[in-house]
Amino acid sequence: MSSLPYIVSAVCGIPLIYLALAKWIRPKPLPGIPHFPITSFWGDIPRVAKDMRTQGTIFDGTGFMAEAFESGAPLWQMFVGPSTKWVVVADAQEIEDTLNRATRSRAVDQSEIMLTAFSGTIPYGMVSLKSNDMWRRHRRITNPLMTSKYLKSMTPAIADNARSLVKLWENKIRKTKSKGATCFSCEDDFHFISMDAITSIALGESVGAVAQARSLIDASDPEVDEFGGIKFQLSPPPLYTAVRYLIQCVGDATTMPPAISYVVQQIRRWTPTFNRHHKLVVNHIFDRVSKVRQSVQEARDMGEEYHGDCLIGMIAEREGLSDQESLSEWELRDEVLTYIFGGTDTTAGSLKWGVEYVHLSMKFLTENPHVQQTLHNELLSALEDAPQDRSLTFDDMMSADKTPYLEAVVAEILRCGAVAPASSKQATEPIEILGRTIPAGTNILWANHIACDNATVPNGEKLRALDDIRSETSRKNGLGGRNLWSIPTDKFEPDRWIKVDESTGKRTFDPRAGYSFPFGIGLRSCAGKQLATLELKIYVATLNLAFFLGEVPKELSSHRAHIEVTRFPVQAYVAPQPWT
């Protein structure tokens, strides 16, 4: 019997089945919450794909997220296929109130998409765990790393890395001039420096990425593009490449629905490429842990107290003590990886600190020479002993009364950078948001950047119109001691954070001048925000003391961004020159 009828039936039947699915299997919205028209089972995927293709991100420009907000809905739904829905919240006052309430009630937790994205690579790290007993134990053990004691002990490594970046740029400036170019890309530089810094902080020894880059510059022969820019191609150490690969695996996973992400990651774990990179990183971690533990034991044998100056040293010094908790080998491995990932790149959820802020700081500072000059004058005046010729100290960076403008510049970089423009959580129980009940199990996307950018004086009337549907605590706390932004939020203006005493003229930094949530809010906010802020202050201050950032050709200085794990600029060129 001929098989032709079956083939014809299949060829004709598949499109009919697809059309039936597209017509009848569609996302099911929550009642009473606005959303775009649902025309197929794809939901909002076509809109997301269009924005990613044309703008590189769904959070910038005039994409569908901005369109949804501008339609007057600070609360709306978006659909990723027929089964995954997100409730998007874009009201700063409500985000702060809801997450603070949820911290007390445990009404929200890490979303499944983030848990799945990280669990394929670091299954025992905090970022891959629900807020359960294991997560709380990990948080207790690692929290001391963010205290002043340990931040102070880690500052020399960060400051020395910042000085090494200055030396790298001095070499690049010479090469750039010799080629007749006007500027160079700094994107890889900040990846290198952040990797060196975070491996020093986590493991007590850097990977030497900047040192290797410096050693290769003289022999390099980069081409000058038509706009006068140079992009150096400097091969990094194998360990650097391995970590970047693992970070990219996580980034890929965050773009997929959880079920697909899980399958893809399980398949990837069996590939030679993944295993080669993963083995290299893990073996290096365990080698460093073994050496630190040996140092701890030697100190104890001599009756001396060991003082850890890195993550594994801090944990090892308390191992075996009767009153201290400990991590298993695999838990320790994954917490080290969490810190390395977090310090080298960022995610839309827990890991909101790292190099991308520094990329953006160079862009903002380059475009605002008056900010550079004001900051330079303040640093020279406030910091003693020729700070431009030495590594900065912890005390230098903690003198907010002496360097209010540095604090303001860093706060403004974090606000404008929007490296993690949103964070995702999942409701663990029914939760009330702006008068609507969000069922347990619903994914919630906190659109922090859109919300904070629109918490402005011109929008005050619109925001106050929501008071009738806000929670009791939200109405009671109001703006939480903040003001609405009076300076337009699309402008980079550090002075928005400065408060001037009318009687004395003294300028002070006001951290609650307005809304900005660069590290998130609540129980699952960024655990490393103190370290991130310290690093950023050291990098910005060190580079500002060494260089004035000249103008970059407009063709190489667009603000177009794209998102992999985090949002970062497509172009990152600088034209540094010594101060005169």
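Author: Buried means under 20% relative accessible area, exposed means over 50%, and partly exposed is in between. Keep in mind that this is a predicted model.

Reader: Which residues touch the most other members of the largest nonpolar core?

Author: In general, nonpolar side chains in soluble globular proteins tend to be buried together. Here the largest nonpolar core has 117 residues. The ones touching the most other members are Met-65, Trp-169 and Val-336.

Reader: How many residues are in the other core that lies apart from it?

Author: That other core includes Val-108, Cys-452, Phe-517 and Ile-521. The size of this core, in residues, is 26.

Reader: Now the rings. What kind of aromatic pair do Trp-169 and Phe-184 form?

Author: There are 11 aromatic pairs by the rule used here. For Trp-169 and Phe-184, the centres are 5.7 Å apart and the planes stand at 80°. Planes over 60 degrees apart have their own class, so this pair is edge-to-face.

Reader: How many residues apart in sequence are the parts that this pair ties together?

Author: Trp-169 lies in helix 7 (residues 148-178), while Phe-184 belongs to strand 4 (residues 183-185). Phe-184 counts as buried because its relative accessibility is 1%. So the pair ties together parts whose separation in sequence, in residues, is 15.

Reader: What is the angle between the planes of Phe-192 and Tyr-240?

Author: Phe-192 is in helix 8 (residues 187-203) and Tyr-240 is in helix 10 (residues 238-254), 48 residues apart. Both of these residues are buried. Their ring centres are 5.1 Å apart, and the pair is edge-to-face because the planes stand at 70°.

Reader: Which residues form one aromatic cluster?

Author: Trp-169 and Phe-184, the edge-to-face pair, both belong to it. Three further Phe residues complete the cluster.

Reader: Are Arg-470 and Glu-94 buried or exposed?

Author: Arg-470 has 4% relative accessibility, and Glu-94 has 0%. Values under 20% decide the class here, so both residues count as buried.

Reader: How far apart are the closest N and O atoms of Lys-172 and Asp-189?

Author: Lys-172 lies in helix 7 and Asp-189 in helix 8, so their pairing ties together parts 17 residues apart in sequence. Lys-172 is buried, with a relative accessible area of 2%, and Asp-189 counts as buried at 0%. Their closest N and O atoms form a salt bridge at a distance of 2.6 Å.

Reader: Which residue does Arg-496 form a salt bridge with?

Author: Arg-496 sits in the loop between helix 21 and strand 10 (498-500), and its partner is in helix 18 (residues 404-417), 84 residues apart. Arg-496 counts as buried at 8% relative accessibility. The closest N and O atoms are 2.9 Å apart, and the partner is Glu-412.

Reader: Arg-496 lies over the face of which residue?

Author: The distance from Arg-496 to the ring centre is 5.1 Å. Arg-415 lies over the face of that ring too, at 6.0 Å from its centre. The ring belongs to Trp-485.

Reader: Last stop, the surface. Which residues form a nonpolar patch there?

Author: One member lies in helix 11 (residues 258-268) and counts as partly exposed because its relative accessibility is 48%. The patch has about 310 Å² of accessible area altogether. Its members are Tyr-262, Val-263 and Ile-267.

Reader: And how far apart in space are Ala-440 and Glu-429?

Author: Ala-440 lies in the loop between strand 8 (436-438) and strand 9 (443-446). Ala-440 is partly exposed, with a relative accessible area of 44%. Ala-440 and Glu-429 are 11 residues apart in sequence, and their C-alpha to C-alpha distance is 4.2 Å.

Note on methods: Residues numbered from 1 in each chain as written. Heavy atoms only, no water. Patch = residues over 30% accessible without salt bridge, like charges linked within 9 Å, V, L, I, M, F, W, Y side chains within 5 Å. Areas by Shrake-Rupley, 256 points an atom, 1.4 Å probe, with all protein chains shown as cover. Salt bridge = Lys/Arg side-chain N within 4 Å of Asp/Glu carboxyl O. Helix = DSSP H or I, 4+ residues; strand = E, 2+ residues; numbered from the N terminus. Buried < 20%, exposed > 50% of the residue type's maximum accessible area, 1.4 Å probe, protein only. Core = buried A, V, L, I, M, F, W, Y, C linked by side-chain atoms within 4.5 Å. Phe/Tyr/Trp six-rings, centres within 6.5 Å; stacked < 30°, edge-to-face > 60°. Lys NZ or Arg CZ within 6 Å of the ring centre and 35° of its normal.
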